Each structure stands twice: as structure tokens, then as C-alpha cells.
Amino acid sequence: MKIGVLTGGGDCPGLNAVIRAIVRKGAFHYGDEFVGFMEGWRGLVEDKTMPLDLSTVGGILPRGGTILRTSRTNPSKHADGLQRCAENLKKHNCDALIAIGGDDTLSVAQKLFANGVKVVGVPKTIDNDLAGTDFTFGFDTAVNVATSAIDRVHTTAEAHNRVIVVEVMGRDSGWIACYSGIGGGADVILVPEIPFDIDQVAELIRQRHARGRYFSIVVAAEGAKFAGGAEMHDGAPVLQDVGRDEFGHLRLGGIGSVLAREIEKRTGFETRSVVLGHIQRGGSPSAFDRVLATRYGLGAIDMVHRGEFGHMAALRGNKIISIPLAEAIASNRKVDQEILDAATGILDKLEEKADKVS
Ligand code: F6P
């Protein structure tokens with residue numbers, strides 16, 4: 001078979017491991033040929049391709065980014081975009097397409113499938129919030145980067161008697177915030193799932209310092225929201241002052257510095273903030289992500305040969321299975337309650353204490 005491959009949306013460590021697994025198993029086991037469509041859906045819309053064979057995937061396993069490059073191009077926003085995707089697949093004699101991406105990329109894959117294109121998806125998001133799969137590759141690497149940053153921030157916060165707010169990625173869900181916050185021993189963890197009361201956060205830090213601690217670490221997902229009040233962003237996420245991308249997403253960012261200001265104002269403790277941003281997405285994938293990404297790639301090429309189009313490789317328990325793309329894009333996967341409980345355990349205690357006093 002001849003198979004097109006693309007990577008779309010924000011990059012994350014492990015993309016190259018997926019591509020390598022697809023090409024190696026495809027070439028060695030099935031005798032497949034490949035064509036790489038570059039820069040996400042832009043490559044299919046504009047017919048930008050690169051050779052994809054055993055030599056191009058040599059040595060890419062430990063490399064971050066994606067040799068196919070990526071973009072947030074949405075074919076539906078370009079004249080005849082979806083039709084051009086189908087035509088360019090035909091032009092290159094592709095029998096099938098493997099699209100590696102998050103909910104945006106996979107929603108385009110689903111549209112193409114509905115129009116008769118033979119497409120298989122591979123789930124990708126650093127945020128780990130794609131429905132239908134337990135973990136996406138790249139998440140573990142991001143958590144490791146964020147956890148070691150929190151460890152470093154701990155020592156400088158301790159040396160200076162400071163509160164430090166660490167802003168991590170997580171647009172709609174707080175997986176990175178919870179895992180890195182729990183792993184790094186943060187004192188407060190704020191996630192998009194639970195709007196927070198800034199006075200309660202300040203009180204929590206005051207109480208901790210009253211118990212003799214003289215520094216605190218707050219981890220906030222970029223999509224965490226103040227519980228309300230116009231002055232406090234009225235329950236909306238803090239945004240960078242720019243427009244939307246082609247999928248309609250606003251660019252988040254800045255909650256760390258807003259929080260630092262508000263915490264210092266309320267507690268009188270000197271407070272700083274750091275934004276980890278794209279550092280979490282860059283660099284070499286962890287061993288866990290290399291293995292997971294490889295398994296996704298192997299799963300996807302097998303699905304192509306079993307004719308499971310309109311489906312995505314997914315991790316359930318410790319097995320790679322095949323699920324409908326429609327299931328993966330239907331909703332956004334929030335952090336499990338048990339993990340939220342672990343991350344917000346201290347806040348719960350504060351509430352209990354307030355109940356007991358009243
Ligand atoms: O969707 C994944 C993500 O990493 C989000 O956490 C973040 O808001 C966004 O991508 C950043 O996107 P960009 O790379 O386009 O700035």
C-alpha cells in the first residue's frame with residue numbers, strides 16, 4: 001500500500017517515534033511505501049510533501065518535534081480545503097492516510113472519512129485531554145520537565161522566603177498541573193476543572209506560613225479560572241492579547257503573573273511567577289513516551305491493514321485498541337476525580353476547618 005502520514009496541531013515529544021514505528025513496520029512487515037505531508041493539514045491542502053522511508057526515519061526516535069513539521073491549519077477554513085486534501089491524496093496514489101494529532105486534527109480526519117477518505121488517527125496532545133484514550137504520548141515528558149522545574153523553583157523560593165507560582169500548559173484540563181504539582185509537592189494546584197477563589201488560595205498560603213513554613217509553591221494550569229467577579233476575569237481564562245487560531249482557539253497565558261500579584265496583595269508575602277510554556281513541549285521524549293508513541297505507531301499501521309478506517313489507536317489499561325474517531329473527538333477528557341482529590345486535598349482540609357469553626 002502507499003500511505004500518507006501527517007502530524008497536526010501543537011507538537012509534542014514522541015511524534016517522531018510514532019512516524020518511525022509506522023514507517024519501519026509498514027516497510028519491513030507489509031512492504032508499504034509512504035509519503036510525508038508537511039506542516040499538518042497545510043501539506044495536504046497545498047500539496048507540500050517530503051520523502052518518508054527507512055532512511056528518513058533513521059535516528060529520529062530520541063528527537064523532539066516532528067520531521068514532518070506541523071501547523072494549526074484547518075482545511076475547512078480554506079477554499080475547497082477538504083476537497084483538495086482528498087485530491088492530493090489521489091494525486092500521490094495514496095491508499096490511506098494516517099493523521100497524528102489532537103482533537104482538532106482528528107476532527108478534520110473524521111470529516112475526510114465521512115467524505116470517503118481512508119483515514120486512521122493517532123492521538124496526540126501534551127495536555128492529555130483527548131477522550132477515549134488513557135494517556136497520550138508527550139504528556140509524561142511534559143510532566144517530567146514541569147516536575148523538575150518545580151523542584152528547582154522550590155530551592156529558590158525557600159532561599160528567599162517567597163511564594164512562587166508556576167504556570168504550566170493545560171488549556172481545558174489540568175492533567176499536567178495535577179501530575180507535576182503532586183510529583184513536585186506543590187502547596188496549591190489550580191486547574192481548569194475547578195474555578196478557584198483567590199481569597200481561599202491566599203488564606204491557604206497564610207495558614208501554611210502561620211504553621212511555620214516560610215515559602216510556598218503554587219502550580220496553575222494556563223486554563224485555570226478565577227471563580228468570578230469582573231475584576232477577577234469574571235470566571236474566564238486569562239488570555240494573551242491576540243486573536244484565535246483557525247480552529248477558533250484563544251491563546252491562553254498570563255494567569256501566573258495575575259495570580260502572583262493577587263497573592264502578594266492579599267498575603268503580603270513576596271511572590272514571583274514563572275511560565276514554563278513551550279519548554280514543556282520541546283526536547284527529547286521520555287522513555288515512557290518513546291515506548292507509548294512506538295506502540296501507537298504500530299497500532300495505526302496494523303489498523304490500516306485491517307481496514308479499520310475512521311478509527312484511532314487508543315490506550316486502554318495497558319492495551320492498544322482501536323476506537324471510532326467520533327468517540328475521541330466527542331468530548332474533552334477532564335482530570336479523574338481521584339487525581340483531583342489528591343491535588344486539591346489541602347483545599348478540602350481548609351473547607352473542613354471552616355465548617356468546623358462555624
Ligand atoms: O493544545 C496543546 C497546547 O500545548 C496547549 O496546552 C496550549 O494552550 C497550546 O497548545 C499552545 O499552542 P501554541 O503552540 O500554538 O502556542
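1. In this predicted model, the lining of the largest pocket takes at least two residues from each of α4 (103–114), β6 (163–168), β9 (239–244) and β10 (250–252); helices (H or I, at least four residues) and strands (E, at least two) are DSSP runs, numbered from the N terminus. Domain 1 (2–137 + 285–328) and domain 2 (139–281) each contribute at least three residues to this lining, with domain bounds that come from an automatic or database domain assignment.

2. The largest pocket holds about 780 Å³ of space and has 37 lining residues, with Arg72, Met169, Arg171, Glu222 and Arg281 nearest its centre. A pocket is here an open set of points on a 1 Å grid over the protein atoms alone, where a 1.4 Å probe fits, with protein on both sides within 12 Å along at least five of seven lines, and lining residues have an atom within 4 Å of a point; the volume is the space filled by probe spheres set on the points, which are joined across faces, edges and corners.

3. Around the ligand, with a heavy atom within 4 Å of it, stand Arg72, Ile126, Asp127, Met169, Gly170, Arg171, Glu222, His278 and Arg281.

4. On conventions, residues are numbered from 1 along each chain as its sequence is written, and side-chain values use heavy atoms, with hydrogens and water left out. Local features need pLDDT of at least 70 and side-chain atom pairs count only at pLDDT 80 or more, whereas totals for chains, interfaces and linings use all residues.
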